Amino acid sequence: MKYFVKEWVIPVIIALVIVLLLNKFIFILVTVPTGSMETAIVPGDRLYVNELFDIKDAKRGDILVFKSDELEEKRLVKRLIGLPGETVEVKNDGSVYINGEKLDEPYAIKAEGISKIFNIPENHYLFFGDNRPLSYDARYWKNPYIEESKIIGNVIFRFFPFNRIGKVE
């Protein structure tokens, strides 16, 4: 019995404590409720999000989790499109231009719509969903810009469903 406790029970307890601490202070788990990010992320996917992420390291195209004032502080998962100080233009055909240069978006499902121009303030970011026909994102919000302080972290890994486990691109 002493061997069992020493070799099995104690290591399992230590592993559980480590996992709980990681989930509390470094990673959060997010379940995706909608199809706004298909095909990169589909409804029901469970994701690990790195909370130690520094927004200053963010690059256009990263998938981030943030809280939106527009949706009563609900956590959202969207792709970073615009950085502070940039001008983002969405054309009628769904194409996106950053400071006049067309953005290559192989991940996006295009949607025709109304053209819009976004002038992103300092310390704010602009996010769109990949599945543009279905995504309720910055293109439709009263305040389309997300404050730096509202950004929770970046999506790094999908751990469920098992047939889609891996890094999220």
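1. A residue is called buried when its relative accessible area is under 20%. The structure discussed here is a predicted model, and Ser36 in that model has a relative accessibility of 7%, so Ser36 counts as buried.

2. Ser36 belongs to the loop that connects strand S1 (27-31) with strand S2 (46-50). Leaving aside residues up to four places away in sequence, Ser36 touches Val77 and Lys78, together with Gly129, Asp130, Asn131 and Ser135.

3. Lys78, one of the residues that Ser36 touches, is also the bridge partner in S4 of Leu64. Strand S3 (residues 63-68) and S4 run antiparallel and are joined by 6 bridges. The hairpin that these two strands form has 5 residues between the strands, and Glu72 takes a positive phi near 55° in this hairpin.

4. Strand S4 (residues 74-82) is mostly covered, with 7 of its 9 residues buried. S4 also pairs with strand S9 (residues 124-128), in the antiparallel sense and over 3 bridges, and in this pairing Gly82 stands opposite Leu126 of S9.

5. Ile98 is part of strand S6 (residues 96-98), and because its relative accessibility is 8%, Ile98 counts as buried. Beyond residues up to four places away in sequence, the contacts of Ile98 are with Arg60, Ile81, Glu86, Thr87, Val88 and Leu103.

6. As for the separation of Ile98 from Pro11, the two residues are 87 residues apart along the chain, and their C-alpha atoms are separated by 52 Å in the model.

Note on methods:
Residues numbered from 1 in each chain as written. Predicted model: local features only at pLDDT ≥ 70, side-chain atom pairs only at ≥ 80, totals over all residues. Heavy atoms only, no water. Helix = DSSP H or I, 4+ residues; strand = E, 2+ residues; numbered from the N terminus. Buried < 20%, exposed > 50% of the residue type's maximum accessible area, 1.4 Å probe, protein only. Contact = heavy atoms within 4.5 Å. Pairing = 2+ DSSP bridges.
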